Amino acid sequence: MLMKDGMNSRLLLDCAKSCILASSPVFRRQQFLIRCVEGSIDHPPHSRDMQALRSIEVDSESVIRAITPALDPTRHKGQAGNIAVIGGCREYTGAPYFAAISALKIGADLSHVFCTKNAAPVIKSYSPELIVHPVLEESYSVGEENKRSITSKVLAEVDKWMERFNCLVVGPGLGRDPFLLDCVSELVRHARQSNIPIVIDGDGLFLVTNNLDLVRGYPLAVLTPNVNEYKRLVQKVLSSEVNDVDAPKQLLSLAKKIGGVTILRKGNSDLVSDGDTVKSVSIYGSPRRCGGQGDILSGSVAVFLSWARQRMLAADSNSNLSCKNPTVLGCVAGSAILRKAASLAFLKKKRSTVTGDIIECLGQSLEDISPAS
Ligand SMILES: NC(=O)C1=CN([C@@H]2O[C@H](COP(=O)(O)OP(=O)(O)OC[C@H]3O[C@@H](n4cnc5c(N)ncnc54)[C@H](OP(=O)(O)O)[C@@H]3O)[C@@H](O)[C@H]2O)[C@@H](O)CC1
Ligand SMILES: Nc1ncnc2c1ncn2[C@@H]1O[C@H](COP(=O)(O)OP(=O)(O)OP(=O)(O)O)[C@@H](O)[C@H]1O
Ligand SMILES: [Mg+2]
């Protein structure tokens, strides 16, 4: 009977399946709430919790349909998105590749990677589709006396391109070398001066958590923390521990405290807040937790954010979406498409599903929601 008041039943069943696969007390509580909403438990004692769960779940498919641009023959290369990933070092070459190729597979026209010199040939060898710039340097390869001139060179190299990018993704596979992170801090400042949206993920969050002024008060910044990264952020900003019982409220105050940046807290349900509103995406994904899914998410968010921004800036924009913040819309759409792709990949590959399999399903998941023609 609770379905009648606007609940999306498929969405709830998706949500329930996801929770069944999880076993922590918090997930069991969510599962219980969903069964209450479905009506399979008669007199739920925590109706306020149920209402909270229902009120923040967003119709992510409508969001995707509203912001995905038509494939218009009058548009030229770059208009559907020109994305740059800043990441890739000695240890990690997979993460920046996953983020950058996902951006292309969602529908961006161009995808760049700015990485360290030795990571570049490896990343290039994964795909000829990516434009790879071997510009970053780590401490071990530079003498103390060269640091300043190398930083200027890196900034000049990236600045040549900066104005063309619709969004930067900073951090997948970036590593934590102090000199490299100093350089990247400067790049973030330059992007901010140029009003370019920035998605901060992975080691970019390590950098930003220790230097919050880089993003504080910048409405075009999106942070996409996983469990560890979120814990560090909460400890640093709120001087408290993660509160799983009142997760939306804590996320809201965290985003507010950093001056209205948008935060996508990844987990069983993905929660999104810009300090003003909280949305959740709980559609069924996959029980496989292979590394790299967060990288797909960051590349996807970058593209959808760019599309949402274009749509919101368009003079004829008359979308009736309840939320108009393009960073929130980008996060919701990115989360939903990753989850759909993960679910499709798991149907085919089961326990052997890896990140590449999910990337292969990105196109189909978007096509199912917003057909190309
Ligand atoms: N195929 C690939 O190339 C993939 C690469 N990936 C890339 O990996 C990077 C880290 O991301 P992740 O998700 O492993 O970080 P997270 O859960 O905070 O850490 C787990 C534990 O490890 C530790 N730790 C991490 N980095 C450290 C470092 N540099 N040096 C020392 N310690 C470090 C950390 O310790 P703590 O931070 O608590 O001190 C925690 O205990 C990031 O760039 C990501 O994009 C992933 O995207 C997956 C696919
Ligand atoms: N417990 C979970 N149950 C269901 N889905 C989850 C769970 N945790 C994460 N996910 C899904 O996986 C996506 C990536 O989250 P994850 O926590 O794996 O990021 P990450 O650790 O940054 O990944 P990466 O390995 O790329 O760095 C989330 O957006 C969400 O859709
Ligand atoms: Mg990650």
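In this predicted model, an oxygen atom of ligand 1 is 3.0 Å from a polar backbone atom of A95, a polar contact being a pair of N or O atoms within 3.5 Å; within protein, one atom must be able to donate a hydrogen and the other to accept it, and residues adjacent in sequence count only if both atoms are side-chain atoms. Local features need pLDDT of at least 70, side-chain atom pairs count only at pLDDT 80 or more, and totals for chains, interfaces and linings use all residues. Residues are numbered from 1 along each chain as its sequence is written, chains are lettered from A and ligands numbered from 1 in the order in which they are written, and side-chain values use heavy atoms, with hydrogens and water left out.

**Ligand 1**

- Ligand 1 is surrounded by 15 residues, of which G173, D203, N228, R232 and D295 are the closest; a residue counts as near if one of its heavy atoms lies within 4 Å.
- An oxygen atom of ligand 1 lies 2.9 Å from a backbone N or O atom of G173, and an oxygen atom of this ligand is 3.2 Å from a polar side-chain atom of R176.
- On its own, ligand 1 has 870 Å² of accessible area, and the protein covers 56% of it (Shrake-Rupley method with a 1.4 Å probe; for residues, only the protein chains shown count as cover).
- Helices α5 and α10 (227–238) each give at least two residues to the shell around ligand 1; the largest share, three residues, belongs to α5. Helices (H or I, at least four residues) and strands (E, at least two) are DSSP runs, numbered from the N terminus.
- The shell around ligand 1 contains five nonpolar, six polar and four charged residues. Ala, Val, Leu, Ile, Met, Phe, Trp, Tyr, Cys and Pro count as nonpolar, Asp, Glu, Lys and Arg as charged, and the others, Gly among them, as polar.

**Ligand 2**

- Around ligand 2 there are 14 residues, and the closest are N226, K266, D270, G292 and G294.
- For G294, a backbone N or O atom is 2.8 Å from an oxygen atom of ligand 2.
- Of the 620 Å² of accessible area that ligand 2 has on its own, the protein covers 79%.
- The elements giving two or more residues to this shell are α12 (293–313) and α13 (326–349), and α12 gives the most, with four residues.
- By class, the shell around ligand 2 has two nonpolar, seven polar and five charged residues.

**Helix packing**

- Two packed helices are described by the angle between their axes and the distance between the axes. Axes are lines fitted to C-alpha atoms, for helices over the stretch in contact, and angles run from 0 to 180 degrees between N-to-C directions.
- Helix α5 (residues 94–106) packs with helix α15 (residues 362–369) at an angle of about 35°, their axes being 9 Å apart.
- S102, K105 and I106 of α5 meet L362, G363 and L366 of α15, where contact means heavy atoms within 4.5 Å.
- The residues of this contact comprise three nonpolar, two polar and one charged.
- Helix α4 (residues 60–67) and α12 pack at about 65°, with axes 9 Å apart.
- In this pair, I64, A66 and I67 of α4 touch F304, W307, A308 and R311 of α12.
- The contact of α4 with α12 has six nonpolar, no polar and one charged residues.
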